[in-house]
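Good morning, colleagues. Please bring up the sequence and the structure, and keep both in view while I speak.

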Amino acid sequence: MSQLTAAQKDHVRELLQKLVRINSVNENDEQGDRDCPEREIANVVEAFLIDIGMSVRRYPMAPGRDNLVAHWPDQTGSKSFAYQAHMDTVTVSNMTIDPFSANIEDGKMWGRGTCDTKGSMASWLTALKIAKDAGWSFVDNVCFVATCAEETGTRGAYSLAKHNLDIDAICIGEPTNCQVVTCHKGTYWTQLHTEGKSCHASMPEKGHNAIHAMSKAIQFIENTYIPSLDKLAHPLLGPPTLSVGKIEGGIATNIVPASCTANLDFRILPGQSPQDVNQQFLASLRSAVPNETFSTTDIHAQTPVETPADHPWVRNLIASASPINDQTQPAGVTYYTDAGALGEAGINCIVFGPGSIAQAHTATEFLDLDQLYQATEIALNWLNNAQSQSLVS
Ligand SMILES: [Zn+2]
């Protein structure tokens, strides 16, 4: 049962409607850099923060695309923590409901971004406003961070992480069903190449077929490499994974192909680096398939995240959330977040927010209002406890 007053529930619900009705669709870097989808929502969020007395600094990622960092007034703490949410959403082209109506039906709000991740943003902003109206002050410095371009490779967070933010711990707002999440996997994308020798397909013995070579690599991946990953399983995240997502090779039916490329998507665990995974993968592939030539070209990597369960930020947040969400142990998620970039910069990250990732990016995205109220209540509880103790140390 929520401890929020009816007026507080109205506030968070109406704020979420306002945020959802702002189109902040970020489909890809080209469209994003052209349309600046975070411009309007950044202005609204900045005005809200200034209105409750916080000071706001903009960190441009690209022209018209700013990250925001806000500070609670008159802070003298030795440690700082922040609430965070990204401002962009994925495309609406697959949606079968009005993406921007923010209609409420069946105890749910419907529309793009309700769950991923404007619900988190509305919760944090409402909790900060309630605390401000009540005249609270805190042991730690309290900050709020809004990032751009999360949905296209967490580009905004990587840009922001280059600055010295002086933030020790952060709550990344993403749908976790209001559970404190301390870890997620990283991604490592690379292209695997095989080399052959081209010749007329009527005399294939004169050449060397790069597609046949790739088929041996894929058999190795499926039959040997993937089963071997089980023994590396992480207690909260399970094993690392590998999936072959795309393959290209050859130029014509009657030519023996000289090259073939397969795109590999590794999901890596805390403690694994893309370099180590690459070296180990290539070494075992080469020893399993000794007569072929393999090489890789990296596409993209994002760091895994893990904040230790005994870190004060984790312990304090779980302890003060558990009367509301019944959580006793940290949780993990399979998806990727801004925590990768910000964790790499030395900030202790947890991921937490209302709603289920099962609704994110879908044709009928929605957020359960009970989740919205619960996230707000937990965020407020953390702030309440932060009046008398540091949450970070
Ligand atoms: Zn998100």
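Strand β9, residues 186-195, pairs with strand β13, residues 259-268, in the antiparallel sense over 10 bridges. Strands here are DSSP runs of E with at least two residues, helices are runs of H or I with at least four residues, and both are numbered from the N terminus. Two strands count as paired if DSSP finds at least two bridges between them. Within this pair, Gln191 has Asn263 of β13 as its bridge partner. Strand β11, residues 241-249, also runs antiparallel to β13, and eight bridges join the two. There, Thr241 stands opposite Arg267 of β13.

Two remarks on the source. This is a predicted model, in which local features need pLDDT of at least 70 and side-chain atom pairs count only at pLDDT 80 or more, while totals for chains, interfaces and linings use all residues. Residues are numbered from 1 along each chain as its sequence is written.

Let me turn to the domains. The chain is divided into domain 1, covering 6-184 + 304-385, and domain 2, covering 186-302; these bounds come from an automatic or database domain assignment. Their centres, taken over C-alpha atoms, are separated by 37 Å. How many residues of each domain are in contact with the other? In domain 1 there are 11, and they touch 10 residues of domain 2, where contact requires C-beta atoms, placed from the backbone, to lie within 7 Å. On the domain 1 side, β15 (305-306) and β16 (331-333) each supply at least two of the touching residues. By type, that side of domain 1 divides into six nonpolar, four polar and one charged residue. Nonpolar here covers Ala, Val, Leu, Ile, Met, Phe, Trp, Tyr, Cys and Pro; charged covers Asp, Glu, Lys and Arg; the others, Gly among them, are polar.

Helix α1 has 15 residues and reaches 21 Å from its first C-alpha to its last, close to the 21 Å expected at 1.5 Å a residue. The expected span is 1.5 Å times one less than the number of residues. In α1, the residues Gln8, Val12, Arg13, Leu15, Leu16, Leu19 and Val20 are buried. Buried means that 20 or more other C-beta atoms lie within 10 Å of the residue's own, exposed means 12 or fewer, and partly exposed is in between, with C-beta atoms placed from the backbone. Seen down the axis of α1, these buried residues fall within an arc of 160°, so they line one face of the helix; the arc is that of the directions from the helix axis to the C-beta atoms. On the other side of α1, Ala6, Ala7 and Asp10 are exposed. The cover over its buried residues includes α3, β5, α4 and α10 (369-385).

Helix α3, residues 39-51, has 13 residues and spans 18 Å from first to last C-alpha, close to the 18 Å expected. Its buried residues include Ile41, Ala42, Val45, Phe48 and Leu49. Viewed down the axis of α3, the buried residues fall within an arc of 125°, so they too line one face of the helix. The face turned away from the buried side carries the exposed residues Ala47, Ile50 and Asp51. Among the elements covering the buried residues of α3 are α1 (6-20), β1 (55-62) and α4 (114-133). After α3 comes Gly53, with a positive phi near 95°.

A few points of backbone geometry deserve a look. Thr154, in the loop between β6 and α5 (155-160), has a phi near 50°, a positive value in a residue other than glycine. Is Thr154 buried or exposed? With 23 other C-beta atoms within 10 Å, Thr154 is buried. Asp166, in the loop between α5 and β7 (169-173), also is not a glycine and has a positive phi of about 55°. Asp166 is exposed, with 12 other C-beta atoms within 10 Å. The peptide bond from Asp116 to Thr117 is cis, with omega near 0°, and Thr117 lies in helix α4.

Three strands form an open antiparallel sheet in the order β4-β5-β18. β4 (104-105) and β18 (366-368) stand at the edges with a single partner strand each, so one side of each is left without a neighbour in the sheet. Two bridges join β4 to β5, residues 108-110, and Glu105 has Lys108 of β5 as its bridge partner.

Technical notes. Two residues are in contact if their C-beta atoms, placed from the backbone, lie within 7 Å.
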